[in-house]
Each structure stands twice: as C-alpha cells, then as structure tokens.
Amino acid sequence: MPAKEKIRLDKIFSESNLLSRSETKAAAKKGRITVNGITVKSAEEKVNETDVITLDGVPIIRRRFFYIMMNKPEGYVCSTDDPASKTVLELLEDRDRPADIFPAGRLDKDTVGFLLLTNDGNLAHALLSPKKHAEKTYLFKCVKPLSPQDTARLERGVPLDGAITKPARITCEGCSGTITLTEGKFHQIKRMFGFVGNEIIYLKRISFGGILLDDKLEEGGYRYITENELKILKNHV
Ligand code: URA
C-alpha cells in the first residue's frame, strides 16, 4: 500500500480550526507544539496521520473541515436526504462529500446561485444565526416593475411570520434588480414581494457572508473556498 502523504503542521492546525498558519508558526517558534513528544520549532514540519501532536501539552483533535462554494442549479433541494427530489449533495464527487457535510442554509428548489456546503457546524450556525446578520444578496426578476414606493416599503420591512422583516437594500430597474437581506426566513423574498402585490420569477444568490459567487462556476459546479474567503466569512460573523 502506498504510504499516506505527510501533511504540514500549519495546514493541520488551520484545517482543524485551531490556529491560523501564522499563529502556528509563532506557536512553533515558542516551543508550544510537540510531535510524538518532541518539540518542533517549525510549522512547516510534515507529519503522518498517526503522529501525536500536542499544543501546550494537550493532544489536538485533527479535523478536516470542508468549505465548498456551489453554484446551485434549479431542481435540487438543499437537504442531505430527500425521498422525492435530487439533493445538492448529489452534485458533489465522493471525495468532496464527507458523511457530515451539509448545506449551510436553504435555497428554494427553483432558486439558483451561491450555496455554502460545509461540515463546520460552528461556522454554519453563526452564518445562519439571526443574531449575526450575515448578508445575502440575490439577483431577482419579478413580474411587474417595482415602484419606488414598493421598493421603499420592502426596504423598511414588511410583516412576515408575526414580525417585521429586517431592513433590506434594493437596487431595481423595471422588473429586475438586487436585494440584500440579513435574515433568511422560509421563501422570504418571494413572500416579501407577494406582500406588495408582485411575484418573483427568478432568484439567484450572488453573495453570502461577504463573499461573492465565483462567476466562473457553471450551474451545478463547485469549488473549495480560498483561505482568504474563509477569513472573510469568519470575520463577517
Ligand atoms: N428567498 C426566497 O424566497 N427563496 C430563496 O430561495 C431564498 C430567499
């Protein structure tokens, strides 16, 4: 059997959400990290899967987190399992689909665009928490031109599920535009437009948590988010 590839310490620490690469470098320099009982001074040191790593004397739990940006196509549901419909997980190659990955939030079956898939429950929870106000921007098309009055009404907030929706930002020309929300109630945009007597006929999420959908991704395509994008997501919440 081929030997498993060795991995750099700074990669292990950052993928496990323990320390960033630069923090791992500093921790190693200070002698805070050991591998199999021996202090290592370089974060670039490579280790095997079975090597025991400690930080400040405590063995670390290694964990690989997946953060995938998908351009969700129409016709797929955002759940891990559905007896009646295709799920977004079916679009992932086996190697990109650990057992615990899930879509962070829901887009309707007919909505397209930016969907984050991850197995980092803490980050997903923070991004979806109503308290953290993560921003989501959508391109929309509606059946009737949106009047300035309706735009102002939607931006101020409309009654939904017994509360007033949080302030939104809208840019609109005629029947299409963008809307930015900081919450994500069930069918929120469709119901908000319904409240002002309009109807959404196309919805595409183009940004989430401060990062933009990669316009090179075709519908159904996906890629891993970059370290910089991950930093932006984490700082956003
Ligand atoms: N609002 C909706 O109505 N649908 C979505 O998929 C997302 C936001």
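## Basis of the model

This is a predicted model, in which local features need pLDDT of at least 70 and side-chain atom pairs count only at pLDDT 80 or more, whereas totals for chains, interfaces and linings use all residues. Residues are numbered from 1 along each chain as its sequence is written, and side-chain values use heavy atoms, with hydrogens and water left out.

## Sheet and domains

An open sheet of 4 strands has the order β3-β2-β5-β6 and antiparallel pairing, where strands are DSSP runs of E with at least two residues, helices are runs of H or I with at least four, and both are numbered from the N terminus. Two strands are taken to pair if DSSP finds at least two bridges between them. The edge strands, β3 (38-39) and β6 (58-59), each pair on one side only. Strand β2 (residues 33-35) and strand β5 (residues 53-55) run antiparallel and are joined by 3 bridges. In general, strands of a sheet pair through backbone hydrogen bonds, either parallel or antiparallel.

The chain is divided into domain 1 (7-59) and domain 2 (135-208), with bounds that come from an automatic or database domain assignment. The centres of the two domains, taken over C-alpha atoms, are separated by 47 Å.

## Surroundings of the ligand

The ligand is surrounded by L107, D108, T111, Y138, H187, Q188, I189, K190 and L203, a residue being counted as near if one of its heavy atoms lies within 4 Å. This shell divides into 4 nonpolar, 3 polar and 2 charged residues; Ala, Val, Leu, Ile, Met, Phe, Trp, Tyr, Cys and Pro count as nonpolar, Asp, Glu, Lys and Arg as charged, and the others, Gly among them, as polar. Helix α5 (residues 188-195) gives the most to the shell, with 3 residues.

Polar contacts are pairs of N or O atoms within 3.5 Å; within protein, one atom must be able to donate a hydrogen and the other to accept it, and residues adjacent in sequence count only if both atoms are side-chain atoms. A side-chain N or O atom of D108 is 2.7 Å from a nitrogen atom of the ligand. On the backbone side, an N or O atom of K190 lies 3.0 Å from an oxygen atom of the ligand, and one of H187 lies 3.3 Å from an oxygen atom of the ligand. Taken alone the ligand exposes 240 Å², of which the protein buries 95%, with areas from the Shrake-Rupley method and a 1.4 Å probe; for residues, only the protein chains shown count as cover.

## Individual residues

D214 lies in the loop between β18 (211-212) and β19 (222-224), and a polar atom of its side chain is 2.8 Å from the backbone nitrogen of K216. D214 counts as buried because its relative accessible area is 13%, where buried means under 20%, exposed over 50% and partly exposed in between (1.4 Å probe, protein chains only). R153, in helix α4 (residues 148-156), is partly exposed at 29%.

Most residues other than glycine have a negative phi. N17, in the loop between α1 (9-15) and α2 (21-29), has a positive phi near 65° and is partly exposed at 32% relative accessibility. H133, in the loop between α3 (121-128) and β12 (136-142), has a positive phi near 55° and is partly exposed at 38%.
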